[in-house]
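Welcome! Take a look at the protein below, and then let's walk through it together.

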Amino acid sequence: MSKKRPGGESLPSAPSTATGPSPDHEVPAATPVPDPKRWWALAVIALAQLMVILDGTVVNIALPSAQRALGMSDADRQWVITAYTLAFGGLLLLGGRIADLVGRKRTFVIGLAGFAAASALGGAAAGPGMLFAARALQGAFAAVLAPSALSLLATTFTDPKERARAFGVYGALAGGGSAVGLIVGGLLTEYLNWRWSLYVNVPIALAALLGAPAFLRDRSGRRSGHLDVPGALLGCGGLVALVYGFSEAEPRGWSSPSVLTPLVAGAVLLAAFVWWQSRAASPLLPLRIVRDRVRAGSLATMGLATIGMFGVFLFLTYYLQVVLGYPPVRTGLAFVPISAGIAIGATQIAARLLPRTAPRTLMSSGMVLAAAGMVLLSSLTVHTQYVTHVLPALLLLGLGMGLTFMPVYATATAGVPAQDAGVASAVLNTVQQMGASLGTVLLNTIATSATGRYLHSHVRGPDADGATLDQGMVHGFSVAYRCSAGVLLLAALVAGLTVWHRTPKHAGHDAPA
């Protein structure tokens with residue numbers, strides 16, 4: 001069966017019609033029965049999502065203290081961040097498929113428990129190696145947890161208005177969690193110590209673990225399926241190689257064999273992965289998921305948005321602490337407006353408009369607003385006041401990201417067959433994680449290069465004074481912000497040209513376990 005899009009194209013009918021209902025619970029596809037505990041389920045899922053997103057930045061402000069305490073070298077300190085990124089981004093597709101095979105509720109609980117244990121291990125680290133290993137374990141368990149959480153959300157909320165509200169909350173956490181991580185990291189580092197930036201995950205995970213058995217509902221895993229081992233090796237290996245290559249680009253340079261080799265290897269492995277997925281009997285990533293033009297456009301919009309956005313946190317942290325002299329807590333609190341803007345944009349604007357507004361309208365408008373915020377940031381100087389320049393820019397960025405993330409999450413997961421919900425969610429998370437990693441590396445390289453050129457043309461003697469160094473740093477940031485604005489405008493164009501229909505009324509559901 002099919003429905004008609006506004007433009008005349010047909011939409012796939014509710015996924016359970018094609019795949020059949022759960023053998024234990026017969027639920028008609030056209031009239032799914034809402035779970036009476038669905039809003040409590042949202043609270044549990046939101047806690048897990050906040051923990052995963054928050055962990056991407058909560059360690060950033062604590063990193064200088066951790067480096068001094070554990071005796072890390074400047075060359076090795078990046079692995080506190082990169083170990084997490086490599087494991088998370090590289091294993092997301094595998095985690096999504098495991099969730100579909102084993103059962104999403106089960107993998108959600110396993111991911112939560114493992115993430116909490118890895119966080120406790122990292123907080124108790126006695127040396128750099130132990131901390132790096134703990135961060136990699138966090139990333140691995142996050143790769144199981146994140147797609148399970150998103151697919152549980154997608155199959156729990158099927159009513160259009162309720163789905164919009166639920167994804168508004170999820171989108172706000174996805175966009176604002178990074179800024180919240182900076183705030184929490186600053187508070188914990190200044191008033192406790194760096195170890196609590198990892199320990200903080202334990203009580204959050206325990207709270208979600210207590211609620212998961214009572215409020216989450218899910219079907220059993222696909223007992224007849226099996227894991228695509230060659231696809232897992234090719235896909236995960238390719239993503240890990242790409243992330244590693246990009247992470248090495250800044251310290252070694254783009255022409256270094258240590259950068260080019262993993263980048264080329266990653267591209268070859270991913271090409272082989274796509275070839276294999278078109279032939280595998282039970283593929284890790286069914287290509288039908290990404291062949292849909294609307295879903296592909298939503299994924300591309302998310303990737304470009306995160307590429308353009310994530311340099312903000314890195315550059316503004318240095319600008320506020322180094323140039324303006326803010327302490328860690330004040331630096332963290334300075335990011336509150338972007339979190340507030342994302343929350344308002346996602347839950348109060350996008351969630352209310354999505355049931356009657358085309359997703360591309362919200363996405364494109366959001367990206368234009370965010371680009372305007374980046375243009376404002378590009379005008380910063382060493383004497384700029386926070387209230388007059390930084391605050392308005394952060395509010396525009398927050399509203400823009402909230403307007404974009406919420407419809408992207410809702411549209412990219414809509415209409416996916418129930419048995420593919422986990423892997424579809426993993427694809428979206430992978431795009432977001434890869435975009436964040438790539439954006440941070442590329443924008444940092446652009447900023448560093450621009451700063452070097454500025455100092456070369458303005459410094460006459462052997463050394464530069466502090467004022468000149470600050471001016472060079474801010475100049476580099478300004479160049480990077482202009483590049484970010486261009487990327488965000490490209491995201492607006494992609495969304496406008498590809499996401500051409502409204503979110504389906506019934507995006508799919510699953511029978512409860």
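Two residues are in contact when they have heavy atoms within 4.5 Å of each other. Ser 378 touches Ser 478, Tyr 481 and Arg 482, leaving aside residues up to four places away in sequence.

## What you are looking at

This is a predicted model, in which local features need pLDDT of at least 70 and side-chain atom pairs count only at pLDDT 80 or more, while totals for chains, interfaces and linings use all residues. Residues are numbered from 1 along each chain as its sequence is written, and side-chain values use heavy atoms, with hydrogens and water left out.

The protein has 19 helices and two strands; these are DSSP runs numbered from the N terminus, with helices (H or I) of at least four residues and strands (E) of at least two. Of its 513 residues, 57% count as buried. Buried means under 20% relative accessible area, exposed means over 50%, and partly exposed lies in between (1.4 Å probe, protein chains only). Among contacts with a separation of 6 or more, 84% are between residues 24 or more positions apart.

## The loop at Ser 378

Where is Ser 378? Ser 378 is in the loop between helix 16 (359–377) and helix 17 (386–412). Ser 378 counts as buried because its relative accessible area is 13%. The side chain of Ser 378 also reaches the backbone oxygen of Val 375 at 2.5 Å.

## The nonpolar cores

A nonpolar core is a set of buried Ala, Val, Leu, Ile, Met, Phe, Trp, Tyr and Cys residues joined through side-chain atoms within 4.5 Å. The largest one has 109 residues, and those with the most contacts inside it include Leu 316, Leu 377 and Tyr 481. Helix 17 gives the most to this core, with 13 residues. Another core, of 17 residues, lies apart from it and includes Leu 70, Met 72, Ala 125 and Leu 198.

Leu 316 touches Phe 335, Leu 377, Leu 380, Val 390, Leu 394 and Tyr 481, again not counting residues up to four places away in sequence.

Ile 110 is part of helix 4 (residues 104–123). With a relative accessible area of 44%, Ile 110 is partly exposed. Ile 110 and Val 144 are 34 residues apart in sequence, and their C-alpha atoms are 8.0 Å apart in space.

## Trp 196 in helix 7

Trp 196 is found in helix 7 (residues 196–199). Is Trp 196 buried or partly exposed? Trp 196 counts as partly exposed because its relative accessibility is 39%.

Conventions. A polar contact is a pair of N or O atoms within 3.5 Å; within protein, one must be able to donate a hydrogen and the other to accept it, and residues adjacent in sequence count only if both atoms are side-chain atoms.
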